[in-house]
Amino acid sequence: MLNIKGELDLKDFYEVIFNKSKIELDKTLLTRVEKSFNFLKEFSENKVIYGVNTGFGPMAQYKIKDEDRIQLQYNLIRSHASGVGNPIPEMYVKAAMLARLNTLSLGNSGVHPSVVKLMKELINRDITPLIYEHGGVGASGDLVQLAHLALVLIGEGEVFYKGDRVPTAEVFKIEGLKPITVELREGLGLINGTSVMTGIGIVNVIYTKRLLNWVLKCSSAINEVVEAYSDHLSEELNSTKKHKGQQEVAKKMREHLKDSTLIRSRAEYLYNANENSTVFKEKVQEYYSLRCVPQILGPVLDTLKSVQKTLIEEVNSANDNPIVNVEKQQVYHGGNFHGDYVSLEMDKLKIVTTKMTMLAERQLNYLLNSKLNDILPPFVNLGQLGLNFGMQGVQFTATSTTAESQTLSNPMYVHSIPNNNDNQDIVSMGTNAALMTKKVIENGFEVVAIEMITIIQAIEYLEFQDKVSSTTKTLFDAVRNLVPAFKDDIVMYPYVGAVKKYLMETKSN
């Protein structure tokens, strides 16, 4: 059971989303929310407070009668539940719910305590609101997507429940749940914020960490396949560049390869007895996709850490408007709902993820092109050349998937389109950025799955099973449990899918 106090980190999200941990609300959290609600209720009695007794957006100039205040909140939720496209997968929605619960628990939103209590129940009972991909521009936050969450909290809309898509009212009846109490600004408090883009972003970070782990393993293993020299991974070389990511990547690769019998010493093979050579039999240096891995993946690692830091800061921030400050006995109007922080980080993440995918695709191409590697048959074909095709067919898939990611990596951060009668005249497009990043990450796993199968086939052809490092041997055995060694041509898509699934579901170490 995870006790929520209003300060979450990445491992908390992992426990709830991936390990299905239940949550409980700390007493201090509930007290803070209640104090915030009570203060705002009293404070707003004789003042103009946006979204309490005014219209919304460009309609804020219209005062709302006291008797219409509650209807105003329902109108906001229902009118903005206008998303279309594909439903956002349940784990991403669950992350968004946890992020929204946490920001509302900070006591800066003035919502009724019933909001956080019901959200806790939905998370613990795996009742997931139907939220569509399309709709948010990420300026007043994820208005449309969060309206679908709010719709469920008022007992309307649809949810995913025990594998089915079901009307919310039916599930509430089965589970004995009651909709939230709408008393003040529960509509605006729920839909004003960055929680959907942030929740998706946090899951993206978790998956990108896994992807980077596999790309490191593949990059290490391919160095074994070609019997590369060790100095490009050495501490001595990599420490001459001050970037922490590069140094950490090189260290991880050295650890991976520490018991390999295939990685060679340059001093032993090239620095001695070559005085009379005019053409060296041994390759002097490897191609960049093998030799420059620390320099390529180092920026990826550094960026990933920076993205995680910013997203966790966003999760633990008030991203609502207006902001209630009980201590100062004041309400402040501003723009904390704007999603530019998340949007920019998602663009960074998809760019580095695409670069990882490109690295995997180039390493794959190196293995498949016998004229480049000079040690393997064309397309790592273990069968009869001409009659069989080996890995030729799946290279097309890897190439096209990488190309898609390259196009998707164009930034959303600078693609603002004014809307809302130009009230929202510059927007973040953060949810679009997060969803595009999600797609780019999934593409990355597909390409790495194809590369991994190819590496295993190469090890099989070279009969290096007993020469590779213990880490690569573990990888070899895991893939061989999913994909048999093949000489005759086989239908590849089930095997690529199985390896992709394995990579996405196996926790990084």
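## Strands that pair

Two strands count as paired if DSSP finds at least two bridges between them. In this predicted model, two bridges join β4 to strand β6 (residues 158-161), and these strands run antiparallel. Within this pairing, Thr 128 stands opposite Phe 160 in β6.

Both strands belong to an open sheet of three strands, whose order is β4-β6-β7 and whose pairing is antiparallel. The edge strands are β4 (128-129) and β7 (164-167), each of which pairs on one side only. As a general point, the strands of a sheet pair through backbone hydrogen bonds, and they may do so in either a parallel or an antiparallel way.

Helix α14 (residues 293-315) and helix α15 (residues 340-368) have axes that come within 9 Å and cross at roughly 155°. Because angles over 145 degrees count as roughly antiparallel, this crossing makes α14 roughly antiparallel to α15. The crossing of α14 and α15 is left-handed.

The residues of the contact of α14 with α15 divide into 15 nonpolar, four polar and four charged.

## Aromatic rings

The count of aromatic pairs comes to six. One of them is formed by Phe 39 and Phe 43, a tilted pair with 5.1 Å from centre to centre and 35° between the planes. Phe 39 and Phe 43 both lie in helix α2 (residues 27-43), where they are four residues apart, which is about one turn of the helix.

How values were computed:
Residues are numbered from 1 along each chain as its sequence is written. This is a predicted model: local features need pLDDT of at least 70, side-chain atom pairs count only at pLDDT 80 or more; totals for chains, interfaces and linings use all residues. Side-chain values use heavy atoms; hydrogens and water are left out. Axes are lines fitted to C-alpha atoms, for helices over the stretch in contact, and angles run from 0 to 180 degrees between N-to-C directions. Angles under 35 degrees count as roughly parallel, over 145 as roughly antiparallel, 65 to 115 as roughly perpendicular and the rest as oblique. A crossing is left-handed if the near helix is turned anticlockwise from the far one by less than a right angle, and right-handed if clockwise. Ala, Val, Leu, Ile, Met, Phe, Trp, Tyr, Cys and Pro count as nonpolar, Asp, Glu, Lys and Arg as charged, and the others, Gly among them, as polar. Rings of Phe, Tyr and Trp (its six-membered ring) pair if their centres lie within 6.5 Å; planes under 30 degrees apart count as stacked, over 60 as edge-to-face and the rest as tilted.
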